[in-house]
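Here are some short notes to read beside the model. Please keep the structure open while going through them.

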Amino acid sequence: MDGYIEQAGLGRILAKVRGGERLSLDDGRQLYEHPNILAIGYLANIVREKKNGNQAFFIYNQHINYSNICTNLCKFCAFGKKKGHELAYEMSVEEVKTKVRERLDEPIDEIHMVGGIHPDLPFSYYLDLLRGIKEVRPEVHIQAFTCVEIHHLAQLAGKPVDETLHALMEAGLGSIPGGGAEVFSPRIRQITCKEKLSGEGWLEVARIAHAQGLHTNATMLYGHIETVEERLQHLDALRRTQDATQGFLAFIPLAFHPKNTEMSEHSNTTGINDLKNIAVSRLMLDNFPHIKAYWVMVGPKIAQVALAFGADDMDGTVKEEVITHMAGAETEQALGHKTLIRLIQEAGRQPVQRDTLYNVLATF
Amino acid sequence: MQRIIAKIEQGERIDGQEFLQLEREASLHQLGFLANAVRQRLHPQPVVTYVIDRNINYTDICISACKFCAFFKAPDDPKGQVLSRLELAEKIQETQELGGTQILLQGGLHPDKPLEFYEDMLRFMKTTGIHVHGFSPPEIFHFSQLSGLSLATVLQRLIAAGLDSIPGGGAEILSNRVRSEMAPKKCSADQWIEVMEEAHNLGLRTTATMMFGHIETIEERLEHLQRLRDLQDRTGGFTAFIPWPFQPDHTPLAAARKIEKTTAVSYLRILALSRLFLDNFQNIQASWVTQGPKIAQLSLFFGANDFGSTMIEENVVAAAGVHFRLSEAEIRRLVRDAGYQPQQRLMDYTPA
């Protein structure tokens, strides 16, 4: 099929991809602007198979959002609420423990827990959350608190980020999710989330976490006002950070969901835009081991197709997904383990159940 | 495989064995590239068409009781309905106000309405000037059985009353094993083909469909495509082929046995394989009604050159628990985003 890639004017990039050579930002621009999604997907699939063979990963996980109270109130977010808002909530440590206890009969390997930037919960609350979860389910891996939250927690603790992380790790933190990255561009942050930690600040927290031996993920929120150039700068910043630290596990492009946000004039992302972001990130982020097609965001159908367009991971069973569903996501809130396995098998891949750090737990 | 790929690239016809080999061995990328190349050869202009229309189901009362159907009501079910003239008129008016050009008119196999009932309905509808794309082959066959008239006579009378073209529904899988298990009271595969052949001979254009992903084997899908290709060789009367996967929710079939919903990858593969095998079909439609907007858009790279219809109203797939809605504006946006020019069309694929 290489002839089709050359016909599409992508022969030079194909040669680089086959030779394992790093793509330039100009290459990335050409890929983003190219109309032939099949050709982009084919190129991304070469890298995907080089790195992860025929395997497609998923995890058995539980999502918990301890609070939606947030002082940042980003315009693209339908989840965050001001304290006192009728839809605002916060869970006590006991309530979170109950959530964990309710599902003790399921083989959950990871608890994914994020919240807002809460104005007055003390640092001890976050430590108690981690300890509480570990009390109920000692063996579970807790992936919690985005870099934005970690930065906030360091301020609450009155300590540098590394010391804050040590305290959190001691209480049970296992790794850090990729949220809060949005698009690093100061222009985008000024318009959409000016209260939020800057892009540079986000990367700095990730670098410090990596230096403490904590793995993290990275995301990019696409499909709103960002330009191709801003996406490429975002990917480049992640690639440079990863060169220095090797601490990122997965990159997860996140499709913007406009409903119930202050940016509701935008349309939902298209299937081609979803696949393009997955494929181009696979091609540009040559030092990231994994690219995740998060089915909650793009839908199970595109996530399945994405396994041939660069992605090697479908995230997990999730359950009770709140953040994207408040923004009008019409996807299911949970996908059974068996459904995930079937989607992967019908895509011609081998399903691999993993833990957070991509250790293989079972193959199907 | 190399030989098959070369054949397709040179515009040669593939046979059934080659179809089966592609189905087994080709990657999603290979199928996409090949189907897209064929689509570009048939449609060198970067245009994707769609039609503005509405489904009108004149009745849900049906004696066929197909196991895959969540829409029908048995004749003794008090919930069964026949649409009134007033409802029909309102639906047509609403369609025309939205720029609609045609009505997709289909209904259940009603136990006792005479042929005159359908003739009157057509004459009434044609006073509005709208194109009536109506009565799938099982309905026509049923009219012929009830009236004791030949298929040709039934068709001629319907044409005289205003019927403009025939939709390809009720084809399901054109294999007698599948039909005798799923829909034993419906017309057979041969009879479905016979209705279409007669219609084509009388100058009516029709579409063809395939509902897959239930109890059929890949060989039976091939049999379906082979029958369609053979008939198209004889008549050239089909305008388009529309494959879509069985939607199991609320159907007797899914209640009786576990049937997994066809996944997106399997849909795209069959779509592309159909584009490759049906070399004498000019148009292939994407099915956003069953696949949603994202996969429908992607279908444009897997052989589809048409986005189907805006379906101002749709009842049959909705009864099986699937509720995607798309406006004309949204269809146009998806088509443009895929790099194509959207173009409203008529039933015969000429521009509206």
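1. A residue is called buried if 20 or more other C-beta atoms lie within 10 Å of its own, exposed if there are 12 or fewer, and partly exposed in between. This term is needed for the second point. The model is a predicted one.

2. Is B:Leu253 buried, partly exposed or exposed? B:Leu253 has 19 C-beta neighbours inside 10 Å, so this residue counts as partly exposed.

3. B:Leu253 belongs to helix H11 of chain B, which covers residues 252–256. Leaving out residues up to four places away in sequence, B:Leu253 touches B:Lys67, B:Phe68, B:Met182, B:His214, B:Pro248 and B:Ile259. For one of these, B:Phe68, the C-alpha atom is 5.3 Å from that of B:Leu253, although the two residues are 185 residues apart along the chain.

4. Chain B also meets chain A: 24 residues from chain B and 23 residues from chain A take part in the contact. On the chain B side, helix H3 (28–42), helix H12 (264–277), helix H13 (288–299) and helix H15 (328–337) each supply at least two residues. The chain B residues that touch chain A comprise 10 nonpolar, 10 polar and 4 charged.

5. Chain A contains 15 helices and 11 strands. Its C-alpha trace spans about 60 × 45 × 40 Å along the principal axes.

6. In chain A, 55% of the 364 residues are buried. Of the contacts in chain A with a separation of 6 or more, 77% are between residues 24 or more positions apart.

How values were computed: Residues numbered from 1 in each chain as written. Chains lettered and ligands numbered in written order. Predicted model: local features only at pLDDT ≥ 70, side-chain atom pairs only at ≥ 80, totals over all residues. Helix = DSSP H or I, 4+ residues; strand = E, 2+ residues; numbered from the N terminus. Contact = placed C-beta atoms within 7 Å. Nonpolar A, V, L, I, M, F, W, Y, C, P; charged D, E, K, R; others polar.
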